[in-house]
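Subject: Structure handover

Hello,

Here is the structure I promised to pass on. Please open it next to this message; my notes follow below.

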Amino acid sequence: MNITLEENMPYALLALVVMGVFYGTYLVKQWSQKRQGIKTMQIGSRKDSKIHMVETLMGIATVGIIPADLLSIAMGWSHLGANARFTGFFVGMLGDLVFLSAVISMKDSWRAGIPEKDRTKLITGGVFAYSRNPAFLGFDLQYIGVTLMFCNGLTVMFTIFAVVMLHLQILQEENYLTTTYGKEYLEYRSHVLRYLGRR
């Protein structure tokens, strides 16, 4: 779909807002925890080769999607019409809101990756009462939203890669949480669904 620079500009600004709110939330929270002496980024710190591999690939996917999205925005690469693109903005902003709610609910228990020794409190309140993985849900919605706004082979490929790797990370974290928290986590898991909803 050929669109002019003027036609693309509103979508470019909206996509940058979605990305700015999301990554701003991520970086501010990480900076805040660093000031308290908390190491947030623990991706790839485990010695277990399977965990290390999944976390490394997840890191590549979640970092690689940023330049892919920015290049698509800069070049105006999109194959969808206005309705889908505006829908993408709302999906992306919903992702931002879900992610922000997760970060607030986690307080100082938020970690990126499965920690080797750093045991935190199991969070089951706030948005976690409705989703066991609201931060990952926020990531997915933000990625899908930007992809709807700038839908092309590059953004679709990176979005699928990132969503799959985040899902594999969730499966690993579920094993870790079961081992670490035992009955407390299993009880929580029996009431709250992996992505969204309650039993």
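K107 counts as exposed, because its relative accessibility is 59% and the cut-off for exposed is over 50%. The residue sits in the loop between helix 3 (82-106) and helix 4. Look at its backbone too. K107 is not a glycine, yet its phi is positive, near 50°.

Please keep in mind that this is a predicted model. The average pLDDT of the protein chain is 92. A score of at least 70 is reached by 95% of the residues. Confidence is highest in helix 4 (residues 134-149), with a mean of 98. Helix 1 (residues 5-35) has the lowest confidence, at a mean of 92.

N133 is buried, because its relative accessible area is 8% and buried means under 20%. A polar atom of the N133 side chain lies 3.0 Å from the backbone oxygen of R194.

Next, the helix packing. How do helix 3 and helix 4 run relative to each other? Their axes come within 7 Å and cross at roughly 160°. Angles over 145 degrees count as roughly antiparallel, so that is the description for helix 3 and helix 4. Helix 3 passes helix 4 in a left-handed crossing.

Helix 2 (residues 49-75) also has a crossing with helix 4. The two axes come within 12 Å, at an angle of roughly 30°. That makes helix 2 roughly parallel to helix 4, since the limit for this class is under 35 degrees. The crossing of helix 2 past helix 4 is left-handed.

Helix 2 itself has 27 residues. From first C-alpha to last, helix 2 reaches 39 Å, close to the expected 39 Å at 1.5 Å a residue. G76 follows helix 2, with a positive phi near 70°.

Now helix 5 (residues 153-181). What sits at its start? A side-chain oxygen of N152 reaches to within 2.9 Å of the backbone nitrogen of L154. Helix 5 counts 29 residues. Its first and last C-alpha atoms are 41 Å apart, close to the 42 Å expected at 1.5 Å a residue. After helix 5 comes G182, whose phi is positive, near 55°.

V163 is partly exposed, because its relative accessible area is 25% and partly exposed covers the range between buried and exposed. V163 and L141 are 22 residues apart in sequence. In space, their C-alpha atoms are 9.5 Å apart.

Is T179 buried or exposed? T179 counts as exposed, because its relative accessibility is 69%. The T179 side chain reaches the backbone oxygen of N175 at 3.0 Å. T179 is 29 residues from F150 in sequence. C-alpha to C-alpha, T179 and F150 are 41 Å apart.

Over to you.

Best wishes

How values were computed: Residues numbered from 1 in each chain as written. Predicted model: local features only at pLDDT ≥ 70, side-chain atom pairs only at ≥ 80, totals over all residues. Heavy atoms only, no water. Helix = DSSP H or I, 4+ residues; strand = E, 2+ residues; numbered from the N terminus. Expected span 1.5 Å × (residues − 1). Polar contact = N/O pair within 3.5 Å; in protein donor to acceptor, adjacent residues only side chain to side chain. pLDDT = per-residue confidence, 0-100. Buried < 20%, exposed > 50% of the residue type's maximum accessible area, 1.4 Å probe, protein only. Axes fitted to C-alpha atoms, helices over the stretch in contact; angles between N-to-C directions. Parallel < 35°, antiparallel > 145°, perpendicular 65-115°, else oblique. Left-handed = near helix turned anticlockwise from the far one by under 90°.
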